[in-house]
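Please read the points below with the model open beside them.

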Amino acid sequence: MAKGYWVSAYRTIADPEKLAAYNELAAPAVKAAGGRPLARGGRIVAHDAGIAERTVLIEFDSFEQAVAAHESAAYQEALTALADGVERDFRIIEGLD
């Protein structure tokens with residue numbers, strides 16, 4: 001079964017306090033849903049149309065698990081806290097195997 005991944009590239013962070021509130025709620029929600037952070041922030045080299053901003057990569061055991069985690073009540077609460085605090089490109093993608 002192919003793994004699932006959350007990929008978040010933060011274009012701008014307008015409100016660091018909202019991002020902090022989101023992080024407090026999102027981390028346990030992701031962990032409870034079986035997500036494992038592989039990368040969060042750190043060093044970035046951007047190419048082409050990329051932006052060298054905060055990037056987060058979360059791994060799940062399956063694509064379906066990744067989708068369900070995003071739809072969970074706990075993660076939706078985290079998104080409410082984030083509101084308009086950031087502009088980000090968030091994707092759920094299926095791995096190769």
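1. Which strands does helix 3 lie across, and at what angle does helix 3 run to strand 4? Helix 3 lies across strand 1 and strand 4, and runs at about 155° to strand 4. Axes here are lines fitted to C-alpha atoms, for helices over the stretch in contact, and angles run from 0 to 180 degrees between N-to-C directions; helices (H or I, at least four residues) and strands (E, at least two) are DSSP runs, numbered from the N terminus.

2. A word on the source is needed before going further. This is a predicted model, in which local features need pLDDT of at least 70 and side-chain atom pairs count only at pLDDT 80 or more, while totals for chains, interfaces and linings use all residues. Residues are numbered from 1 along each chain as its sequence is written, and side-chain values use heavy atoms, with hydrogens and water left out.

3. The four strands form an open sheet in the order 2-3-1-4, with antiparallel pairing, where two strands pair if DSSP finds at least two bridges between them. Strand 2 and strand 4 are the edge strands, each pairing on one side only, and the twist from one strand to the next averages 15°. Strand 1 and strand 3 are joined in the antiparallel sense over six bridges, and Tyr5 stands opposite Glu59 in strand 3. Helix 1 packs on this sheet, touching strand 1, strand 3 and strand 4 (contact means heavy atoms within 4.5 Å), and its direction makes about 170° with that of strand 1.

4. The largest pocket is lined by 19 residues, with Asn23, Ala26, Arg40, Val56 and Ile58 lying nearest its centre. A pocket is an open set of points on a 1 Å grid over the protein atoms alone, where a 1.4 Å probe fits, with protein on both sides within 12 Å along at least five of seven lines, and lining residues have an atom within 4 Å of a point. Helix 1 gives the most to this lining, with six residues.

5. In the second largest pocket, strand 1 gives the most to the lining, with four residues; among the lining residues are Tyr10, Arg54 and Asp89.

6. Asp48, in the loop between strand 2 and strand 3, has a positive phi near 55° although it is not glycine, and at 84% relative accessibility Asp48 counts as exposed (over 50%, with a 1.4 Å probe and protein chains only). Ala83, in the loop between helix 3 and strand 4, likewise has a positive phi, of about 45°. Most residues other than glycine have a negative phi.

Technical notes
Buried means under 20% relative accessible area, exposed over 50%, partly exposed in between (1.4 Å probe, protein chains only).
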